[in-house]
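The stops below are in the order in which to select them.

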Amino acid sequence: MTEVKLSATPKGNGYQATVTFPAGVSVSSAESYPTIAEAITAAALKLLEMPERIEALAPSSL
């Protein structure tokens, strides 16, 4: 099973969202958000906007 992790870490006066893909590839937002919920939501929405990148990172099925 492939796991994609959404996380939020403190940055400035808010939180920065990070999407972590298999093999340690991660994408972090340049923006910070006031709450963890907003940061995670922004990361999830960004993830939905780039299905071609998700497919490229997915392991090949046999």
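**Before selecting anything**

This is a predicted model, in which local features need pLDDT of at least 70 and side-chain atom pairs count only at pLDDT 80 or more, while totals for chains, interfaces and linings use all residues. Residues are numbered from 1 along each chain as its sequence is written, and side-chain values use heavy atoms, with hydrogens and water left out.

**Whole chain**

Start with the cartoon view. The protein has two helices and three strands, and from the N terminus the order is β-β-β-α-α. Helices (H or I, at least four residues) and strands (E, at least two) are DSSP runs, numbered from the N terminus. Of the 62 residues in the protein, 18% are buried. Buried means under 20% relative accessible area, exposed means over 50%, and partly exposed is in between (1.4 Å probe, protein chains only).

**The core**

Select Ala17, Val19, Phe21, Ala39, Ala43, Leu47 and Met50, which form the largest nonpolar core. Such a core is a set of buried Ala, Val, Leu, Ile, Met, Phe, Trp, Tyr and Cys residues joined through side-chain atoms within 4.5 Å. Strand E2 (14–20) and helix H1 each give two or more residues to this core, and H1 gives the most, with three.

Now centre on Ala39. Setting aside neighbours within four places in sequence, Ala39 is in contact (heavy atoms within 4.5 Å) with Ala8, Tyr15, Gln16, Ala17 and Tyr33.

**The largest pocket**

Next, select Val27, Ser28, Ser29, Ala42 and Lys46, the closest to the centre of the largest pocket among the 13 residues that line it. A pocket is found on a 1 Å grid over the protein atoms alone, as an open set of points where a 1.4 Å probe fits, with protein on both sides within 12 Å along at least five of seven lines; lining residues have an atom within 4 Å of a point. The volume is about 210 Å³, taken as the space filled by probe spheres set on the points, which are joined across faces, edges and corners. E2, E3 and H1 each give two or more residues to the lining.

Ser29, in the loop between E3 and H1, counts as buried because its relative accessibility is 15%. Show its contacts: beyond four places in sequence, Ser29 touches Lys11, Gln16 and Ala17.

**Thr18**

Go to Thr18 in strand E2. Is Thr18 buried or exposed? At 12% relative accessibility, Thr18 is buried. Its side chain makes a polar contact of 3.0 Å with the side chain of Ser28. A polar contact is a pair of N or O atoms within 3.5 Å; within protein, one must be able to donate a hydrogen and the other to accept it, and residues adjacent in sequence count only if both atoms are side-chain atoms. Outside four places in sequence, the contacts of Thr18 are Lys5, Leu6, Ser7, Ser26, Val27 and Ser28.

**Two loops**

Select Pro34, in the loop between strand E3 (26–28) and helix H1 (36–48). Pro34 is exposed, at 58% relative accessibility. Leaving out neighbours within four places in sequence, Pro34 is in contact with Gly14 and Tyr15.

Finish at Asn13, in the loop between strand E1 (5–11) and E2. Asn13 is exposed, with a relative accessible area of 85%. Draw a distance from Asn13 to Ser32: their C-alpha atoms are separated by 7.7 Å.
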